[in-house]
Amino acid sequence: YLNRCPVTIDNCRIQDTAGHGVELFSSSATIKNTTFQNMGDGFYAVALNTVDVLPSLADNSASGTGIAGVALPGNWDFGDKVVLNRPGASLPYLVNGELRVPEGRTVTVDPGVAFKTDGQRIMVYGTLLANGTEAQRILFTSRKVAPAPGDWKGVYLGPQAGSSILNYVTIEYAGQSTLGY
């Protein structure tokens, strides 16, 4: 458990745990080139308890049991000037409830990042910079095993989100009929 500490975890193997591989609370840690294998049933390779401060994640992988992904908690406001790095080719961000980019704050999403949501929405009142590339699109999609249109609510851009950029972004399986905006 990393509590507000900027530790670096590099070229490590975290395996055969009863819980999450790494759990973070307001931590600006760096986790890269690390393999997560056989996490506890229903637990994540990486679990973030807050999104006010985010770790730097790169070139990680997960296999075996547990959930191969980075858990993002729901019902949180992103901090300002945070960057969502690409955690690893097989590690999407798994959204567990509504996420918000408040007015006056900027969230940057790196190329190749994938978000999979549990049915909620992503509310943008500030600035969302999701600038993918042709080779590394940014993906917002459903977490369901057999996804279908309407699995989740979608991305809402409020009146103050005019400086946002969505470039080479794919949004799929959104449009739930009870948007609630």
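**Close-up 1. Three aromatic pairs turn up in this structure.** Rings of Phe, Tyr and Trp (its six-membered ring) make a pair when their centres lie within 6.5 Å; planes under 30 degrees apart are called stacked, over 60 edge-to-face, and the rest tilted. Phe-115 and Phe-140 make a stacked pair, with 4.8 Å centre to centre and 5° between the planes. This pair ties together distant parts of the chain: Phe-115 sits in strand 16 (residues 114-117) and Phe-140 in strand 19 (residues 138-142), 25 residues apart. Both Phe-115 and Phe-140 are buried, where buried means under 20% relative accessible area, exposed over 50%, and partly exposed in between (1.4 Å probe, protein chains only). Ring pairs also bring Tyr-93 into a cluster with Phe-115 and Phe-140.

A word on what you're looking at: this is a predicted model, where local features need pLDDT of at least 70 and side-chain atom pairs count only at pLDDT 80 or more, while totals for chains, interfaces and linings use all residues. Residues are numbered from 1 along each chain as its sequence is written, and side-chain values use heavy atoms, with hydrogens and water left out.

**Close-up 2. Here's an open, parallel sheet of 3 strands, in the order 2-5-8.** Strands are DSSP runs (E, at least two residues), numbered from the N terminus, and two of them pair if DSSP finds at least two bridges between them. At the edges are strand 2 (8-10) and strand 8 (56-58), each pairing on one side only. On average, neighbouring strands of this sheet are turned by 5° against each other, direction ignored; the axes are lines fitted to C-alpha atoms, with angles from 0 to 180 degrees between N-to-C directions. Strand 2 runs parallel to strand 5 (residues 30-32), joined by 3 bridges. Look for Thr-8, whose bridge partner in strand 5 is Thr-30.

**Close-up 3. Another open, parallel sheet has 4 strands, in the order 12-15-18-21.** Strand 12 (82-84) and strand 21 (165-167) each have a single partner strand, so one side of each has no neighbour in the sheet. Neighbouring strands here are turned by 20° against each other on average, direction ignored. Strand 12 pairs with strand 15 (residues 106-109) in the parallel sense over 3 bridges, and Val-83 stands opposite Thr-108 in strand 15.

**Close-up 4. Cys-5 is in no disulfide.** A disulfide is a pair of cysteine sulfur atoms within 2.5 Å, and a search of the whole structure finds 0. The sulfur of Cys-12 is 14 Å from its closest cysteine sulfur, in Cys-5, so the two are too far apart for a bond. Cys-5 is partly exposed at 25% relative accessibility, and Cys-12 is partly exposed at 34%.
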